[in-house]
Amino acid sequence: RVKAALPRGLNPCICVGDLLEEREVGKPEEVVARQPPEALKDTEKPDLKNIFIAYEPVWAIGPGKPATADDANATIKVIRDTMANLYCRNCADNKVRIQYGGSMNTKNVDELMAMPEIDGGLIGGASLKAQDFARVVNFEEK
């Protein structure tokens, strides 16, 4: 539970995601909106600055069909709106960071970081090559 990690100086990452079956029946919004309240039970507004959320499109793992930047942005907006309902709009927009957790890399960093709801990303295989890693972490808006 997140509340247990905070007093120990840890900055928890809450991973939120939807499965292919959930996406196919048109319920991804319902699924990702349900997860933050469960994970953040008893967590208060001041704690949000020490927490980040990663949206992981579970349905995209393995089949080689990653989420588009638009898919990720739309789903992260649902998560951000959920946080606004749980806490407040200012908290959702300015305190909690919501990242794309589907492996940011040199091919998708520009498009993903251009999305208004995406605050950052988790880096997968791009971290294995110094040049690729440097390109992703040194991203600059154009």
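Modeller: Residues are numbered from 1 along each chain as its sequence is written. In this predicted model, local features need pLDDT of at least 70, side-chain atom pairs count only at pLDDT 80 or more, totals for chains, interfaces and linings use all residues, and side-chain values use heavy atoms, with hydrogens and water left out.

Biologist: How do you know in which helix confidence is lowest?

Modeller: pLDDT is the predictor's confidence in each residue, from 0 to 100, and helices (H or I, at least four residues) and strands (E, at least two) are DSSP runs, numbered from the N terminus. Confidence is lowest in helix 2 (residues 20-24), at a mean of 84, and highest in helix 4 (residues 69-86), at 96, while the protein averages 90.

Biologist: Why is the set that includes I53 and M83 called a nonpolar core?

Modeller: The term denotes buried (under 20% relative accessible area, 1.4 Å probe, protein chains only) Ala, Val, Leu, Ile, Met, Phe, Trp, Tyr and Cys residues joined through side-chain atoms within 4.5 Å. The largest such core has 35 residues, among which I53, M83, Y100 and I118 touch the most other members; helix 4 gives the most to this core, with 7 residues.

Biologist: What makes strand 2 and strand 3 a pair?

Modeller: Two strands pair if DSSP finds at least two bridges between them; strand 2 and strand 3 have 4, in the parallel sense, so they qualify as a pair. I53 has I98 in strand 3 as its bridge partner. The open sheet holds 4 strands in the order 1-2-3-4, with strand 1 and strand 4 (121-123) at the edges, each pairing on one side only.

Terms used
Buried < 20%, exposed > 50% of the residue type's maximum accessible area, 1.4 Å probe, protein only.
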